[in-house]
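Open your viewer and get ready to select residues by number. Each stop below tells you what to pick next and what is there.

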Amino acid sequence: MPSKNEILAKLSECVIKGDVEGCKKWAKTALENNIEANEAIANGCAEGMKIVGDKFEKGEYYVPHVLLSAQAMMAAIEILKPYVKVEKSEVTGTVVLGVVEGDIHEIGKNLVKTMLEAAGFKVVDLGKDVPLTKIVETVKEMSPDIVGLSALMTTTMPNMHKCIEMLEKEGLRDKIKVIIGGAPTSREFARKIGADGWGEDASAAVNLVKNLLKPK
C-alpha cells in the first residue's frame with residue numbers, strides 16, 4: 001500500500017505530465033486511503049500546478065502543456081470536490097472572481113470558487129482572460145462585496161494594479177474589497193498595489209474573505 005506522501009507525489013506528477021487518467025486514479029486512491037480531499041488538492045494537485053507554472057515561466061512549458069495539466073488537475077478535483085471540507089461561514093456575501101486580462105490559467109481561480117461556494121458565498125465567475133473593463137462594469141452592475149483577481153504569469157500581474165486604479169477612477173474602490181492570488185503573487189505585491197489582501201492558496205482565500213466580511 002503506498003504511503004500518503006507517495007500518493008500525493010503521484011497526484012502531483014500526473015498533473016505535471018497532464019495525465020488525466022492518472023489524476024483520476026490517484027485522486028480515488030487518496031480517498032480510499034483516507035487522505036482528506038483538501039490535502040489531496042493542496043499538497044498533490046496544486047503542488048503539481050505550481051511546478052507547471054514555474055516551467056511555463058522558464059519557457060520549458062508552453063500553453064498546450066499548461067492546458068493539459070489544468071485538464072488533468074480538474075479531472076482529479078471533480079473526484080475530490082464532493083469530499084472537500086469547508087466550514088460554513090457565519091458571514092455571507094458576493095464575490096466576483098476573474099483571471100485578469102492576458103492570462104488564461106484559471107485552475108487556481110476555479111479552486112477558490114469551489115471552496116467559497118462550499119462555505120456558503122455567492123460567487124460570480126467571470127472566467128479567464130477577463131478584460132479589465134468587464135470587471136469594472138460587473139462591480140457597477142452587481143455591487144459585490146469582494147473582487148478576487150488571479151494571475152499565474154508575471155507578465156499579467158500589472159493588470160491587477162491597473163484594475164484597482166480603474167476601480168478608483170470610477171469611484172468604486174471604497175465600496176468593495178479587492179483580493180489577489182496566483183503563483184507569482186505575494187503579500188508584499190498585494191500591499192504594493194493597494195489590494196486588501198492576498199491568498200496563498202484556496203483555503204487561505206476563503207479565510208481571507210471571511211475575515212474581510214466580518215462585522216467590524
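In which hand does H4 cross H5? H4 passes H5 in a right-handed crossing. A crossing is right-handed if the near helix is turned clockwise from the far one by less than a right angle, and left-handed if anticlockwise.

Before you go on, two notes. This is a predicted model: local features need pLDDT of at least 70, side-chain atom pairs count only at pLDDT 80 or more, and totals for chains, interfaces and linings use all residues. Residues are numbered from 1 along each chain as its sequence is written, and side-chain values use heavy atoms, with hydrogens and water left out.

**Stop 1: two helices**

Select residues 63–80 for helix H4 and residues 107–118 for helix H5. Helices here are DSSP runs of H or I with at least four residues, strands are runs of E with at least two, and numbering starts from the N terminus. The axes of H4 and H5 come within 10 Å and cross at roughly 20°. That makes H4 roughly parallel to H5. The cut-offs: under 35 degrees is roughly parallel, over 145 roughly antiparallel, 65 to 115 roughly perpendicular, and the rest oblique. Axes are lines fitted to C-alpha atoms, for helices over the stretch in contact, and angles run from 0 to 180 degrees between N-to-C directions.

Now show the side chains. On H4, the contact is made by Ala 70, Met 73, Met 74 and Ile 77. On H5, pick Ile 107, Asn 110 and Leu 111. Contact means heavy atoms within 4.5 Å.

Stay on Asn 110, which lies in helix H5. Is Asn 110 buried or exposed? At 18% relative accessibility, Asn 110 counts as buried. Buried means under 20% relative accessible area, exposed over 50%, and partly exposed in between (1.4 Å probe, protein chains only). Leaving out residues up to four places away in sequence, Asn 110 touches Met 74 and Asp 125.

**Stop 2: the sheet**

Show the strands. You have an open sheet of five strands, in the order S2-S1-S3-S4-S5, with parallel pairing. Two strands pair if DSSP finds at least two bridges between them. Which strands stand at the edges? Strand S2 (122–125) and strand S5 (197–199) do, each with a single partner strand, so one side of each is left without a neighbour in the sheet. From one strand to the next, the twist averages 25°.

Select S1 and S2. They pair in the parallel sense over four bridges. Find Leu 97: its bridge partner in S2 is Asp 125.

Helix H6 (residues 132–142) touches S1, S2 and S3, and its direction makes about 165° with that of S3. Helix H9 (residues 202–213) touches S1, S3, S4 and S5, and its direction makes about 155° with that of S5.

**Stop 3: strand S3**

Select residues 146–150. This is strand S3, and five of its five residues are buried. In a regular strand the side chains alternate between the two faces of the sheet. Ile 146, Gly 148 and Ser 150 point one way from S3, while Val 147 and Leu 149 point the other way.

Look to both neighbours. Strand S1 (residues 94–99) pairs with S3 in the parallel sense over five bridges. Strand S4 (residues 177–181) also pairs with S3 in the parallel sense over five bridges. Now click Ser 150. Ser 150 is the bridge partner of Val 99, and in S4 its partner is Gly 181. Follow the chain from S3 through helix H7 (residues 158–169) to S4: this β-α-β crossover is right-handed. Right-handed here means that, with the strands pointing away from you, the path from the first strand over the helix to the second runs clockwise.

**Stop 4: two loop residues**

Most residues other than glycine have a negative phi. Select Asp 129, in the loop between S2 and H6. Phi of Asp 129 is near 50°, a positive value. At 38% relative accessibility, Asp 129 counts as partly exposed.

Move to Ser 143, in the loop between H6 and S3. Ser 143 has a positive phi of about 45°. Ser 143 is exposed, with a relative accessible area of 54%.

**Stop 5: helix H3**

Finish with Gly 53, found in helix H3 (residues 37–57). Gly 53 is buried, with a relative accessible area of 5%. Lys 50 lies in helix H3 too. At 39% relative accessibility, Lys 50 counts as partly exposed. How many residues apart in sequence are Lys 50 and Gly 108? They are 58 residues apart in sequence and 9.8 Å apart in space, C-alpha to C-alpha.
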